[in-house]
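Subject: Structure handover

Hello,

Please find the structure below. My notes on it come after.

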Amino acid sequence: MTEQETPSARIDAKLASLGDWRGESLARLRSMILQADPDVVESVKWVKPSNPLGVPTWEHAGILCTGEVYKAYVKLTFAHGAALDDPAGLFNAGFGGGTRRAIDLREGEMVDAAAFDALIKAAVAFNLGKQTIRKA
């Protein structure tokens, strides 16, 4: 894999290809994720002809969240969001399922940085807790 093919470089390319507020918004969220958990691993999943740049994914002991871009909003889906405490009420989508929860951001919207940091850390703790249970 060359430097241009690394997951981080592929995410950079996806963000640059958007060229609008959605790329900027997802880039800010990405920065906040990397800041909240220095051990996070970036990957790109679900690459297909209709989405050749794939879906940016952040992992630590499993998937924490994915970043998807739609015409009118950016969606950050937490793989185990239903199991996480969200006292600030950041989750505003994905309540129909029993596992995932999402944050949908429209142009001009941003999440509370401290609450988002806590949510990322809670997602990491949840994933690490799952690993501990499996090993026991």
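Predicted model: local features only at pLDDT ≥ 70, side-chain atom pairs only at ≥ 80, totals over all residues.

Residues are numbered from 1 along each chain as its sequence is written, and side-chain values use heavy atoms, with hydrogens and water left out.

Helix 2

Helices are DSSP runs of H or I with at least four residues, strands are runs of E with at least two, and both are numbered from the N terminus. Helix 2 takes in residues 21–36, which is 16 residues. Its expected span (1.5 Å times one less than the number of residues) is 22 Å, and its end C-alpha atoms are 22 Å apart, so the two agree. At the start of the helix, a side-chain oxygen of D20 comes to within 3.0 Å of the backbone nitrogen of R22.

Buried means under 20% relative accessible area, exposed means over 50%, and partly exposed is in between, with a 1.4 Å probe and protein chains only. The buried residues of helix 2 are W21, R22, G23, S25, L26, L29, R30, M32, I33 and A36. A27, also in helix 2, counts as partly exposed because its relative accessibility is 30%. A27 and I11 are 16 residues apart in sequence, and their C-alpha atoms are 9.1 Å apart in space.

K75

K75 sits in strand 4, residues 73–78. It counts as buried because its relative accessibility is 14%. Its side chain makes a polar contact with the side chain of D104 at 2.8 Å. A polar contact is a pair of N or O atoms within 3.5 Å; within protein, one must be able to donate a hydrogen and the other to accept it, and residues adjacent in sequence count only if both atoms are side-chain atoms. Leaving out residues up to four places away in sequence, K75 touches (heavy atoms within 4.5 Å) T66, G67, E68, Y70, A93, A102, I103 and D104.

Aromatic rings

Rings of Phe, Tyr and Trp (its six-membered ring) pair if their centres lie within 6.5 Å; planes under 30 degrees apart are stacked, over 60 edge-to-face, and the rest tilted. The whole structure holds 3 aromatic pairs. F78 lies in strand 4 and F91 in the loop between strand 4 and strand 5 (101–106), so the pair ties together parts 13 residues apart in sequence. F78 is buried at 0%, and F91 is buried at 7%. F78, F91 and F116 form one aromatic cluster.

Regards
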